[in-house]
Protein chains: 2
Amino acid sequence: MTERRYDPTADEWVTFATHRQDRTYLPSADGCPLCPARPGRAPTEVASPAFQVVVFDNRFPAFAPAPPPPDVEPSPLFAVRPAFGRCEVVVYSDDHATAFADLPTARIRMIVDVWADRVRTLGATPGISYVMPFENRGEAIGVTLTHPHGQIYGYPEVPPRPARELRAAQAHLARTGRCVHCDVVAAERAGRADGPAGGPRIVLETETVIAFVPFWARFPYEVHVVPVAHRPSLPDLDDAERDDLAEVLRRVTHGYDRLFGFRLPYVMAAHARPTDETQDWDPVSHLHVEFAPPHRTAEKLKYLAGSELAGGAFVTDVAPERAAARLRGLMR
Amino acid sequence: MTERRYDPTADEWVTFATHRQDRTYLPSADGCPLCPARPGRAPTEVASPAFQVVVFDNRFPAFAPAPPPPDVEPSPLFAVRPAFGRCEVVVYSDDHATAFADLPTARIRMIVDVWADRVRTLGATPGISYVMPFENRGEAIGVTLTHPHGQIYGYPEVPPRPARELRAAQAHLARTGRCVHCDVVAAERAGRADGPAGGPRIVLETETVIAFVPFWARFPYEVHVVPVAHRPSLPDLDDAERDDLAEVLRRVTHGYDRLFGFRLPYVMAAHARPTDETQDWDPVSHLHVEFAPPHRTAEKLKYLAGSELAGGAFVTDVAPERAAARLRGLMR
């Protein structure tokens with residue numbers, strides 16, 4: 001069963017992909033489907049004996065280019081759609097044991113270029129409205145393959161969280177005439193010395209890219225990485241910005257791994273301009289890469305429970321300024 | 001630091017309560033703060049030597065009746081508010097080793113009455129806009145105290161998830177003239193034999209209360225428990241409905257524990273009418289108790305990762321009709 005079903009009580013789509021229940025689950029290095037194929041071993045997803053970065057369709061996709069017809073008949077109340085979309089895998093390295101954080105900046109720059117290329121290509125596909133590159137890292141976040149890799153989803157509509165952000169940006173634009181992310185970046189930079197928000201939250205910055213713990217961090221060690229200039233999406237970044245983004249992403253992830261002395265699990269995701277053509281999204285879209293690490297201490301996780309899951313209301317235990325102070329020294 | 005900070009990029013409030021970082025964490029039964037006090041032992045939250053159900057203020061609250069002033073100065077971009085609200089604990093039993101699922105129906109009926117009473121009382125408090133009784137059960141969901149208990153949060157505004165539901169209900173009402181939950185209940189009941197939605201999702205029903213796996217279940221074994229009649233909130237239930245609700249909640253939780261042969265972790269939460277007076281919420285509010293168990297198999301959890309967390313777009317591995325078929329036999 002592969003289909004999308006509409007929730008009329010919350011105005012959102014849920015995707016069902018029951019074949020994913022059987023997806024490969026934490027195989028040993030010997031059985032890793034993302035390693036280069038080797039003579040005498042079972043074939044893998046990558047035929048080359050060595051590679052730098054490869055992208056291919058996810059073998060257990062939530063969304064597919066030619067999805068099967070839905071199992072159930074739609075009704076006026078219960079709408080159903082085929083699970084159209086794209087799910088791609090981005091393998092970062094042919095070294096099974098490395099991690100995004102340990103890649104050289106040049107390799108991460110190549111990954112940034114791959115993201116930009118896939119955002120442009122998938123975004124130009126009819127029916128794809130939003131392209132989101134992301135990485136789930138660590139078993140605490142549910143990773144089923146440990147080989148360093150990320151994913152790119154091409155959604156058939158703007159997903160609920162980015163849609164919420166776009167509505168907020170539209171409201172801010174209507175009120176102030178400015179991009180809310182541009183305002184946040186300016187406030188964070190102004191706030192370093194004696195800003196109105198009370199404290200330094202910047203953990204790292206270059207001339208074109210800034211990394212900070214947001215004023216409203218929902219996760220204790222949340223970090224946002226944002227181009228200083230108004231850039232709606234990855235393809236809009238120039239060479240210098242891509243270099244800086246790669247270097248900042250490397251330092252942030254590398255710094256994370258020094259926070260508690262182990263590879264910190266995280267969700268990393270790029271939010272950007274929708275790729276549908278229904279309106280001019282440029283003024284309200286400002287690329288930002290969000291890191292959400294689930295740890296609140298070395299031993300304890302922040303769980304999404306009653307207030308967060310049922311309420312959507314986050315309660316956080318760590319002051320953003322304190323988290324930033326702790327991270328700042330690790331990310332230089 | 002106890003304060004609420006506004007996220008202008010997503011139009012939502014995040015609550016910071018850094019004292020919670022030190023809250024009691026999985027104490028042994030000997031040190032349980034929710035057990036009755038015993039002579040010669042350290043005092044607990046409950047002075048009585050025995051009790052049925054008790055409610056008291058959470059010692060590590062996210063929201064407080066008289067919160068301290070915020071640490072940071074607000075700015076036009078970064079709004080800040082005191083963390084006003086209420087956080088209560090509902091202890092279900094003086095037996096440390098029991099669980100909601102193992103309580104007799106009469107005790108659960110008492111808990112339902114306690115919820116209704118607290119919804120009425122907290123909801124009448126100026127500044128409280130939404131009262132949500134919930135229970136987090138199991139270490140997989142991050143529970144820090146194993147003694148059977150739930151919580152009640154009195155929020156200063158309608159939290160994002162219920163707000164989204166209310167907007168969807170308003171849109172449905174405007175389009176059809178009807179309550180969306182009434183329509184869903186009717187469709188589920190009509191669909192038992194040969195409904196348009198393709199299959200039976202009801203797991204349990206009485207004359208006044210129905211339990212079903214929603215057509216759009218975001219979690220594999222999600223169950224919603226809903227009064228058949230249009231009842232905006234817990235205090236609106238009559239005696240027969242409260243009896244039925246208690247019995248259905250008992251059977252659902254008890255059935256859950258038979259699903260994989262262990263006490264199934266879950267988040268249980270009641271969504272209902274806001275308690276603010278800004279508008280007539282009755283037509284768009286229909287009480288529903290949602291269960292979100294994180295397990296997708298006995299061994300595997302459904303994690304909220306890139307698509308769910310960063311996108312807000314759920315991908316589910318289990319067909320709701322199959323989950324319902326499996327649960328139905330366990331909940332009779």
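Visitor: Where in chain B is B:Asp11 found?
Guide: Keep in mind that this is a predicted model. Strand β1 of chain B covers 2-7 and strand β2 covers 12-17. B:Asp11 is found in the loop between β1 and β2.

Visitor: What is the phi of B:Asp11 near?
Guide: Most residues other than glycine have a negative phi. B:Asp11 is a residue other than glycine, yet its phi is positive. The value is near 55°.

Visitor: Is B:Asp11 buried, partly exposed or exposed?
Guide: A residue needs 20 or more other C-beta atoms within 10 Å to be buried, and 12 or fewer to be exposed. B:Asp11 has 16 other C-beta atoms within 10 Å, so B:Asp11 is partly exposed.

Visitor: And in chain A, what is the phi of A:Asp11?
Guide: A:Asp11 lies in the loop between β1 (2-7) and β2 (12-17) of chain A. A:Asp11 is partly exposed, with 16 other C-beta atoms within 10 Å. Although A:Asp11 is not a glycine, its phi is positive, at about 55°.

Visitor: What rotation superposes chain A on chain B?
Guide: The superposition has an RMSD of 0.0 Å, and the shift along the axis is 0.0 Å. The rotation is 180°. That is the relation of a two-fold axis.

Visitor: Which residue of chain A comes closest to the rotation axis?
Guide: Here we go by the C-alpha atoms of chain A. At 4.3 Å from the axis, the residue that comes closest is A:Leu304.

Visitor: How many helices and strands does chain A have?
Guide: This is a question about the secondary structure of chain A. The tally is 6 helices and 13 strands.

Visitor: What is the radius of gyration of chain A?
Guide: The C-alpha trace spans about 60 × 55 × 40 Å along its principal axes. For 332 residues, a compact globule would have a radius of gyration near 20 Å. Chain A agrees with that, at 20 Å.

Visitor: At what angle do α1 and α4 of chain B pack?
Guide: Helix α1 of chain B takes in residues 105-123, and helix α4 takes in residues 239-259. Their contacts include B:Ile108 and B:Val112 on the α1(B) side, with B:Leu245 and B:Leu249 among the residues on the α4(B) side. The axes are 8 Å apart, and the angle is about 120°. That makes α1(B) oblique to α4(B).

Visitor: Is the crossing of α1(A) and α4(A) left-handed or right-handed?
Guide: In chain A, the axes of α1 and α4 come within 8 Å and cross at roughly 120°. That makes α1(A) oblique to α4(A). The crossing is right-handed.

Visitor: Is B:His286 buried or exposed?
Guide: B:His286 lies in the loop between β11 and β12 (288-292) of chain B. Leaving out residues up to four places away in sequence, B:His286 touches several others, including B:Cys179, B:His181 and B:Cys182. With 26 C-beta neighbours inside 10 Å, B:His286 counts as buried.

Visitor: How far apart in space are B:Leu264 and B:Arg189?
Guide: B:Leu264 lies in the loop between α4 and β11 (266-271) of chain B, and it is buried, with 22 other C-beta atoms within 10 Å. In sequence, B:Leu264 and B:Arg189 are 75 residues apart. From C-alpha to C-alpha, the distance is 27 Å.

Technical notes: Residues numbered from 1 in each chain as written. Chains lettered and ligands numbered in written order. Predicted model: local features only at pLDDT ≥ 70, side-chain atom pairs only at ≥ 80, totals over all residues. Helix = DSSP H or I, 4+ residues; strand = E, 2+ residues; numbered from the N terminus. Rg over C-alpha atoms; globule rule 2.2 N^0.38 Å. Least-squares fit on C-alpha atoms with pLDDT ≥ 70 in both. Axes fitted to C-alpha atoms, helices over the stretch in contact; angles between N-to-C directions. Parallel < 35°, antiparallel > 145°, perpendicular 65-115°, else oblique. Contact = placed C-beta atoms within 7 Å. Left-handed = near helix turned anticlockwise from the far one by under 90°.
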